[in-house]
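Welcome! Open the structure in your viewer, and let's walk through it one selection at a time.

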Amino acid sequence: MQSQLPFSPEQASNFAPHVDDLMLFITLICLFFAVAVTAAIIIFFFKYHRKSPNEVGVPIHGDSRLEAAWMIVPLILAMGMFGWGAVVYVDYRHAPPDALDIYVIGKQWMWKAQQPNGLREINELHVPAGRDVRLILASEDVIHDFFVPAFRVKMDVVPGHYNTMWFRPTKPGRYHFFCSQYCGTNHAIMGGWVTVMEPADYAAWLSGSSGAEANPVVAGEKLFAEKACVTCHVPNGTGRAPSLNGVFGAKVLLADGSTVVADEAYIQESILQPNAKIVAGYQPLMPTFQGQLTEEQILALIAYIKSLQSQPVPATGSGIAPTTEKR
Amino acid sequence: MPHEDYLNARYGIRSWLLTTDHKRIALLWLGSVTVFFFIGGLFATMIRIHLLTPTGYLVTPETYNKLFTMHGVAMIFFFLIPSIPAVLGNFLIPLMIGAKDLAFPKLNLLSWYIYMIGGCFVLYSFATGGLDTGWTFYTPLSSIYSNSAVTPAVIGIFINGFSSILTGLNFIVTIHTMRAPGMTWFRLPLFVWAHYATSMIMILGTPVIAITLLLVGLERMFHLGFFNPALGGDPILFQHLFWFYSHPAVYIMILPAMGVISEIIPTFARKPIFGYSFIAGSSIAIAVIGFLVWAHHMFVTGESVYAALTFSFLSYLVAIPSAVKVFNWTSTLYKGSISWDTPMIYAFGFIGLFLIGGLTGLFLACLGLDIHIHDTYFVVAHFHYIMVGGAVMGYVGGLHFWWPKITGRLYPEALARTAAITLFVGFNLTFFPQFILGYLGMPRRYHTYPPEFQVLNVLSTAGASILALGYLLPMLYLTWSMRYGKVAGQNPWPATGLEWKTDSPPPTENFDVTPEVTWEPYDFKNRPDLGLAAGAPSLAPAHGDD
Amino acid sequence: MHRTGELYGQFETLEQQKETAALGMWVFLVTEVLFFGGMFLTYTINRRAFGTAFGICSNTLDIKLGAGNTVVLILSSLTMAMAVWSAQVGKKKLASIFLIATLGLGTVFLGVKAIEYKQKFDHHLIPGRSFDMKYHPAHPMPGDDLEELDKEKQEVDKAFAVDPDINAHGQLYFSLYFGMTGLHALHMIIGAGLLLWLIKASFAGRFTPQYNTPVEVVGLYWHFVDIVWIYLFPLLYLIDRHR
Amino acid sequence: MSEHIVSPKIYLVIFASLMLGTGITVWAAFQDFGKFNIVIALVIATIKATLVVLYFMHARYSPRRTQMVIVCSVFWLAIMLALTLTDYDTRSPRETRLAPSAISQLLRA
């Protein structure tokens with residue numbers, strides 16, 4: 001078994017031990033040179049410190065054998081690093097033929113994944129442990145990058161290209177994934193979680209028996225991302241539309257100065273006729289979703305927004321009427 | 001008796017803005033790159049303060065993205081690339097080779113004006129909407145999706161490219177045709193060799209970034225599709241073109257700094273540099289091999305496996321000439337007569353930081369490791385070690401070393417040493433934690449980050465505040481010394497170069513009579529004029545630890 | 001730096017000054033090679049990917065105008081070389097005549113280029129929203145060879161059937177066509193400005209067998225612009241003529 | 001170093017060769033040589049360019065360092081083209097470029 005390097009993320013894929021070993025190998029070589037050179041400098045620094053103002057050093061012009069040695073030895077070591085790195089990389093770039101194919105699509109600023117059976121996920125990715133998984137990556141707009149530190153792998157998601165990456169998760173758990181190629185405003189929040197499940201759990205989850213799909217809050221959260229609500233209704237209040245954290249049940253200040261209590265009816269109206277009531281300080285930008293959502297989906301969205309009641313309300317950008325203006 | 005030098009030969013604003021004297025032009029550059037350094041530094045300060053807390057402390061995501069983009073653009077294109085060549089190189093190359101001026105003095109002035117025009121475009125872009133594409137301008141984000149002022153910025157950088165080209169052209173031609181009698185190629189100071197190599201990159205690389213950014217600008221203005229996949233173009237092609245210049249551009253920054261260090265070390269160890277021809281040759285080798293490695297920035301873009309192997313292999317080759325330099329500098333210290341003057345402290349700092357920066361390059365060139373650390377803070381730390389730890393340490397060290405020649409005055413030694421050590425400590429505190437952050441998986445260009453990364457970010461910000469102090473100090477005492485510093489004399493250290501054979505500050509025509517070079521470089525033994533021979537009266541003023 | 005006669009202050013001898021100027025121009029031309037090189041690379045990558053579209057679009061260019069322009073430009077290189085020779089051997093009048101001839105030929109080249117651009121504009125082949133490869137075959141202009149046009153129409157229709165993105169790829173071709181020839185034309189215009197300056201100096205009798213560096217250096221530049229065209233002509237006009 | 005004056009006779013011979021080269025290029029373009037059409041065109045263009053550099057631009061009679069400068073420019077251009085093509089020429093077909101219509105299909109999905 002591999003022991004964990006200090007200062008490294010958890011090891012959860014087949015590549016993680018290899019990458020960490022490489023890291024250790026190169027670090028040790030570099031440490032040797034760094035320490036040797038630094039030690040030499042410090043020793044010379046004190047040992048040959050100028051003793052009298054007119055002192056001159058011993059004129060030594062060079063030594064070709066020494067030069068040859070310190071070209072050849074580092075070259076050999078460098079070739080070692082190159083070779084080992086190449087082995088890992090070539091393995092990484094050639095997915096095993098029977099790998100499980102999952103499509104991952106990046107767009108500003110969310111990730112959509114599609115499981116082999118067509119099940120879709122937003123900013124989540126479920127994969128079975130012990131199985132080779134190949135991600136087929138595509139972008140709808142700019143270049144993104146799918147990066148899972150615990151797996152030690154990443155690959156750019158380039159518009160106009162299909163890139164692929166693969167890994168074999170080794171340890172069930174939940175791991176961060178990030179967008180690692182700068183892609184615009186919300187690059188930093190374009191991430192999510194990879195859930196590695198035991199194969200049996202994964203199979204059950206795929207067939208829907210985990211109940212995740214039946215839960216309206218979860219379904220609503222998915223819709224909220226899928227319909228790109230989240231791109232404007234940014235939770236921290238920096239988006240083009242108000243944050244919805246804590247809005248449900250609160251009084252909302254409207255553009256015409258009046259207030260309204262955010263109940264189910266108000267939310268439904270806001271989804272279907274967004275321009276009916278505009279929150280103070282915001283532009284009427286939201287498109288209508290009339291005819292694009294089933295009743296069930298609207299209910300799911302409302303359930304999700306209700307669930308945000310307990311989330312922290314940002315200082316600005318929430319649309320909630322200040323309490324002092326209640327009277 | 002008032003002594004006439006290049007500073008007091010003529011007076012008035014016109015005598016500066018229309019000068020063709022390379023020394024005055026160097027001072028114009030000094031002023032303007034310093035302005036851009038502090039603009040870039042201001043952005044950096046705001047970035048570090050913002051990252052104190054995981055959710056971001058100071059600014060909105062849009063603003064944060066603009067801050068790091070503008071930090072990069074200001075620092076790379078308008079500070080680092082011109083800094084040492086245009087300031088120190090401009091001032092010193094004619095002096096070092098015994099020429100009256102550069103080969104094309106008017107082009108030299110034009111180069112500064114082009115820089116200023118380019119700079120104005122970029123500042124206009126900063127002021128009117130900012131720039132949020134990252135300094136790398138990756139398409140299609142920069143060509144279609146960004147709503148910021150990309151067009152003026154790319155025009156500014158396009159224009160600025162010609163400034164770089166003209167400077168490089170001037171240096172190459174000057175070094176070929178303007179050397180004084182006896183100044184053979186292998187008697188050239190290593191600073192000049194380094195600038196020759198740098199100029200090669202400027203000449204061969206800069207036009208490519210110019211045309212590339214021009215295409216991006218055209219794409220934005222006229223909806224063309226060179227790099228836009230929706231119109232059949234290819235964003236990967238942009239990256240090839242961009243890095244064809246922008247990787248060698250790193251060597252534009254570091255090679256001149258290596259040249260500075262190669263001057264400082266023999267001077268303060270008072271012995272010939274170890275392996276002169278190897279250091280000279282390694283500069284050229286870096287310039288040439290540096291052009292063969294660019295796609296190591298693209299290992300995870302889906303470039304072909306074969307290309308990745310080729311570029312990784314070539315990237316390891318470029319490590320060798322860099323290693324040769326470090327080993328030779330270290331060996332030069334052996335049996336030297338080492339003084340602890342400020343430039344030497346900077347030289348030691350440079351070697352230490354460049355060592356870490358260079359060695360971590362080996363991690364990134366390693367294909368298997370790059371799939372994990374690419375585009376994380378590991379990269380950020382790595383290139384700051386090279387560009388700030390290396391290039392800026394070299395620049396500030398060089399400024400100290402030649403300050404007596406430029407201004408005729410000495411800086412306050414004790415204060416200067418303190419500043420050098422502050423810089424070294426502050427720098428390491430700022431950027432070393434970022435290596436760890438990177439390996440832990442924190443991607444770069446994040447305005448908000450998971451809470452587990454906070455401790456290291458706070459450490460980095462704390463270090464940055466020390467670093468900022470380290471930059472402000474020299475700015476203040478160097479300015480102070482211009483008026484109040486001790487008068488330096490011709491050759492205060494003493495050093496062996498031709499530039500120290502003329503007055504400080506030098507007269508407008510550099511030398512009263514064209515000098516003839518009869519000695520080998522960095523030779524202290526056979527130079528009675530340095531006043532170091534046993535028993536000879538010392539011409540060098542006592543330079544105590546005041 | 002003060003100047004003594006034709007010798008600038010930073011130099012020791014006229015010889016050194018002349019060599020320096022020539023080397024400076026050569027180094028500048030290296031930069032130019034890489035500058036155009038970026039475009040040639042973009043061209044190469046796209047032509048390899050979209051050969052069909054590039055072939056069809058290339059065939060819409062007027063080969064007579066293109067070949068004629070090649071002859072004009074090479075002829076102007078000859079007159080430029082003769083101008084350098086005249087200056088070197090001290091035939092001041094002849095030098096002026098050759099310089100004027102060079103400028104004239106350069107202007108003819110630019111005029112022909114303008115005619116070609118206008119034609120593309122009329123045919124809706126300027127990259128942008130109105131770009132349409134089907135437009136010209138469907139809307140013949142006066143003086144068009146209808147038979148040729150019919151062939152073009154069939155070719156375009158066939159290409160559209162195979163590749164629905166042919167219009168996008170065609171736009172890439174024309175972006176590159178206008179980019180490369182436009183950049184080349186810009187260099188011609190700069191060259192024409194330099195020639196005007198030379199002609200003025202030449203009339204003032206400034207060029208002698210001892211001092212003719214400006215003529216020689218501008219000559220280098222002019223020949224370089226000619227070389228760029230020597231490559232542009234087959235790469236843009238002659239992609240797919242044999243079909 | 002005294003300057004070398006090229007005689008007008010040589011200029012005329014070079015001019016004639018360039019004209020001939022142009023003629024051959026146009027003629028060759030109308031013949032079907034398969035993928036060699038582009039090779040022939042580039043070879044002729046390179047011969048023409050070489051003649052211009054050597055004689056019109058006097059590179060043949062220039063100092064060694066000027067010739068080095070010329071070689072450098074060609075060498076670096078070759079680096080740029082060749083190393084970029086190592087990427088494009090060796091991509092796996094799976095990772096080739098998507099057409100715009102395929103992208104818009106993807107967007108609709």
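Two strands pair if DSSP finds at least two bridges between them. Helices (H or I, at least four residues) and strands (E, at least two) are DSSP runs, numbered from the N terminus. This is a predicted model, where local features need pLDDT of at least 70, side-chain atom pairs count only at pLDDT 80 or more, and totals for chains, interfaces and linings use all residues. Residues are numbered from 1 along each chain as its sequence is written, while chains are lettered from A and ligands numbered from 1 in the order in which they are written.

**Stop 1: a sheet in chain A.** Select A:Phe147; its bridge partner, in strand 7 of chain A, is A:Lys154. Now show strand 6 (residues 144-148) of chain A with strand 7: the two pair in the antiparallel sense over five bridges. Widen the view to find an open, mixed sheet of five strands in chain A, ordered 4-10-9-6-7. At its edges, strand 4 (124-128) and strand 7 (153-157) of chain A each pair on one side only.

**Stop 2: a helix over the sheet.** Select helix 3 (residues 199-206) of chain A, which lies across strand 4 and strand 10 (192-197) of chain A.

**Stop 3: where the chains meet.** Colour both chains. Here 78 residues of chain B are in contact with 77 residues of chain A (in contact: C-beta atoms, placed from the backbone, within 7 Å). Which helix of chain B gives the most to the side that touches chain A? Select helix 10 of chain B, which gives 14 residues.

Notes: Contact = placed C-beta atoms within 7 Å. Axes fitted to C-alpha atoms, helices over the stretch in contact; angles between N-to-C directions.
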